[in-house]
Amino acid sequence: MRVFNEIAVVTVICIKSIPQRFWASLSTVVAVGLVVTVLLAFLAMAAGFQQTLRGTGAKDMAILMRAGAQAELNSGVSRDQARLIEEAPGVLKGPDGKPLVSPELYVIVDAVKKSALPDDGNMKKAPKSNVTLRGLGPAGIAVRPGLKIVEGRRFTPGTNELMVGRALQKDFVGMNLGDTVKLGNASWVVVGVFELDGSVFESELWADTPVVQDLFHRQNVFQSIRARLTSPDALLALKDYAANDPQLKLDVTTEADYYAQQASRTSDLIQKLGWPLAIAMAFGALAGALNTMYSSVAARAQEIATLRCIGFSGTSSFLGTLAESLVLSLAGGILGALVTWAAFDGLTASTLSGTTFSQIVFTFRLTPAVALQGVILALIVGFVGGFFPAWRAARIPIVEAYGTP
Amino acid sequence: MSDLYLLWRNLFRRKLRTFLMMLAIFVAFVIYGVLGSINYAFEHGVDSVADNRLVVTNKITFIQPMPFAYVNKIAAVKGVKNVTYASWFGGYYQDPRNQIGTYAVDPESYMRVYRDDLRIDPEAHDTFIHDRTTMLVGEAVAKKYGWKAGDRIPLNSNIFTNKADGSHTWELTVAGIAYAAKEASNTNFILFQHENFNESKTFGKDTVGWITLETDSATVNDKVAAAIDDLFANSTAETNTQSEKAFGKAFLAQLGNIALIITLVVGAAFATILMIVGNTMVMAVRERTKEIAVLKTLGFPSWRIWRQVLGESVLLALLGGVPGLAVAALLVTLLAKGVSGAIPGLALTLPVTALGVGFMVLLGLITGFVPAWTALRLNIVTALGRL
């Protein structure tokens with residue numbers, strides 16, 4: 001028990017002495033905090049992006065595209081293929097007995113991000129961003145049960161009416177209820193704003209398929225078919241059906257898998273940028289931590305020697321010094337997490353997705369799991385930064401410590 | 001005893017501490033060098049583009065095609081010199097993940113417009129123009145897959161279907177390699193004949209993706225652009241004409257605010273060393289209070305001591321920062337090879353280096369300022385009394 005008492009006493013002495021080296025200790029805390037902030041900002045970006053795409057698409061929703069197309073943008077399916085899918089096994093039927101199948105058009109249009117708007121508000125000069133315009137079939141809304149119209153109403157089939165995703169509306173210029181949007185040489189009116197579980201669809205514009213086909217000269221061609229399945233297991237039946245019909249050269253996946261695959265690519269990239277940067281910066285902070293702790297040990301040399309004289313073990317000096325370093329870095333880690341939370345959590349950003357070739361709006365998310373990674377990095381810096389000085393503390397030759405004035 | 005000698009000995013009085021400071025500064029400048037180079041390449045990669053080049057795209061978005069007839073109509077607009085056109089093929093080799101920027105182009109006019117950007121051997125040039133089934137491969141692509149002139153390569157499209165056999169594959173022969181004539185030119189591309197493409201695809205016949213043209217001079221750019229867009233106003237495919245520079249910049253901007261992210265990260269790295277080094281310098285000079293008092297007693301003028309402390313901190317910043325930039329240069333070279341031309345012109349350029357050295361001096365001056373001031377104002381009597 002005595003050993004534990006000793007350790008406790010020395011730890012308290014070390015931590016209570018921190019204010020004596022206030023500026024040096026503060027610089028360690030801030031340096032570690034900055035490292036953690038950089039790491040967490042990147043990780044929160046990756047997590048937010050991933051969450052948006054992972055939240056997109058249900059497991060019981062099949063998406064069918066031309067074989068080898070990889071993305072809706074490259075795909076093309078015909079009306080006949082869509083009809084065949086309506087008769088496919090495993091497809092859920094709506095209350096009216098019609099199959100829940102929606103052939104969808106996927107085109108890219110230009111829009112202006114709020115952040116890209118020049119100071120004089122001249123829309124013509126603003127750099128444009130790619131945005132998805134999705135043409136929905138008659139069952140387009142029925143296949144997506146999670147849909148909530150938060151403002152206005154649905155578009156009326158056959159008219160130039162648009163529904164705007166919530167995320168897109170927040171991030172882009174002129175997408176509010178009642179606004180007129182010019183796409184090509186046709187004018188569209190925004191009649192509704194929708195939410196769909198924070199998914200990628202909220203970065204899209206929705207309109208009636210025939211009207212979009214007309215504008216883009218794509219009669220009878222669609223990019224994908226959405227089909228709601230009776231259960232996630234029904235995917236196999238649908239796959240078999242498509243494989244056995246030579247007219248259906250289509251790739252069949254669940255919507256959840258389709259978007260999850262896209263998520264992993266971009267968020268991997270963001271994490272691959274964030275970690276090396278944070279680790280490099282951590283070396284810089286480590287140098288600072290080592291320096292602070294060495295000067296702490298040097299300042300307490302006589303004190304440590306005295307403790308050793310009256311019978312305290314070297315272990316207690318070692319652990320006490322290590323504890324001081326860990327306390328400083330933990331404070332830095334928590335500071336970094338708090339700064340990230342205050343400055344970045346909930347921040348909206350958008351980027352061009354390589355697969356969809358259009359903007360995906362997402363929100364930075366500092367999840368507890370992400371924050372923990374930052375704190376762990378801080379503690380590693382604290383541990384290494386405290387270990388070597390602590391080693392010196394434990395081995396200070398008593399006579400020499402008194403010899404230095 | 002020269003000032004410099006004294007300065008050097010003072011700096012390395014505590015070797016471990018100085019080494020740690022140098023390490024922290026080193027890391028910050030490696031980060032600055034790499035990120036600064038990437039930012040520079042992004043911002044100036046498009047600057048090397050000729051000023052008098054305009055791009056015409058469909059107004060809806062640049063991936064929506066336009067009628068082929070637009071090419072000749074645009075060529076007839078006053079102020080237009082050379083016109084060429086291209087279409088996106090969605091090409092990949094073997095695996096859909098091996099995407100290659102593949103463009104169907106009109107060989108003769110394309111190479112006329114891009115004469116200053118690409119270096120092509122005359123023989124390859126001729127083959128490419130006369131043989132419809134050939135392609136011109138950018139240096140980066142040729143290196144990656146080990147292709148050489150004469151190789152027959154099955155190239156896949158993730159968009160189009162080949163009329164010949166209903167597959168998504170086009171067999172093309174390598175006519176030759178296209179090299180970058182300017183450092184900032186991207187060679188991660190494949191060019192093949194638009195005529196071949198137009199006749200063998202199953203849909204989208206007689207359309208072009210975008211039209212590139214040269215104006216008589218950059219001064220008439222705006223006029224020509226307006227004339228072209230007016231020409232197609234109220235047609236089924238309205239156009240948007242802008243300079244190739246603006247087009248490139250707008251595309252990069254779509255990825256996100258790269259410059260802001262880089263500035264924040266570099267700012268955080270510099271703030272870290274500012275804290276660490278600034279503090280340590282204060283500590284180091286405080287330890288020497290008595291020595292400084294002795295120097296002053298011996299008749300050293302205050303400004304000389306002031307200069308020495310500042311010199312010490314600037315030297316420290318340079319000793320950490322210069323190797324940092326050197327390592328950054330190495331990393332950037334490796335990175336440029338790794339991304340095989342995806343970021344054209346990626347290198348540690350002179351402006352980035354010069355600014356880096358400026359930051360080192362600034363860092364030294366800021367971190368040395370407080371201790372130097374303290375040393376300057378030091379009162380001999382109190383300092384010697386402080387035992």
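Start by selecting chain A and colouring it by domain: domain 1 takes residues 2–54 and 264–403, and domain 2 takes residues 68–248. These bounds come from an automatic or database domain assignment. The structure is a predicted model, in which local features need pLDDT of at least 70 and side-chain atom pairs count only at pLDDT 80 or more, while totals for chains, interfaces and linings use all residues. Residues are numbered from 1 along each chain as its sequence is written, and chains are lettered from A and ligands numbered from 1 in the order in which they are written.

**Between the domains of chain A**

Next, select the residues where the domains meet: 12 residues of domain 1 of chain A contact 17 residues of domain 2 of chain A. A contact here means that the C-beta atoms of two residues, placed from the backbone, lie within 7 Å. On the domain 1 side, α2, β13 and β14 (359–363) of chain A are the elements that give two or more residues. Helices (H or I, at least four residues) and strands (E, at least two) are DSSP runs, numbered from the N terminus. That side of domain 1 of chain A has five nonpolar, seven polar and no charged residues. Ala, Val, Leu, Ile, Met, Phe, Trp, Tyr, Cys and Pro count as nonpolar, Asp, Glu, Lys and Arg as charged, and the others, Gly among them, as polar.

**Annotated spans of chain A**

Select residues 22–49, 273–297, 318–344 and 364–388 of chain A, which an unreviewed UniProt entry annotates as "transmembrane region". UniProt positions follow the numbering used here, feature names are shortened, and annotations may be inferred rather than shown by experiment. Residues 273–297 of chain A are 100% helix and 0% strand, with end C-alpha atoms 36 Å apart. For residues 318–344 of chain A the values are 96% helix and 0% strand, and the end C-alpha atoms lie 38 Å apart. Now extend the selection to residues 278–398 of chain A, listed by UniProt (unreviewed entry) as "domain: ABC3 transporter permease C-terminal". This span is 74% helix and 8% strand.

**Helix α6 of chain A**

Zoom in on α6, residues 234–244 of chain A, and show Leu235(A), Leu238(A) and Ala242(A), which are buried. Buried means 20 or more other C-beta atoms within 10 Å of the residue's own, exposed means 12 or fewer, and partly exposed lies in between, with C-beta atoms placed from the backbone. Look down the axis of α6(A): its buried residues line one face of the helix, because they fall within an arc of 65 degrees. The arc is that of the directions from the helix axis to the C-beta atoms. These buried residues pack against β1 (61–66), β11 (224–228) and β12 (250–254) of chain A. On the face turned away from the buried side of α6(A), select the exposed residues Ala243(A) and Asn244(A).

**Where the chains meet**

Show both chains and select their contact, which takes 40 residues from chain A and 37 residues from chain B. On chain A, α7(A) gives the most to this side, with 11 residues. The chain A side holds 23 nonpolar, 15 polar and two charged residues.

**Chain B**

Finish with chain B, which has 14 helices and 13 strands. Colour domain 1 (3–45 + 257–385) and domain 2 (65–236) of chain B; their C-alpha centres lie 49 Å apart. The C-alpha atoms of chain B fill a box of roughly 95 × 45 × 30 Å along the principal axes.
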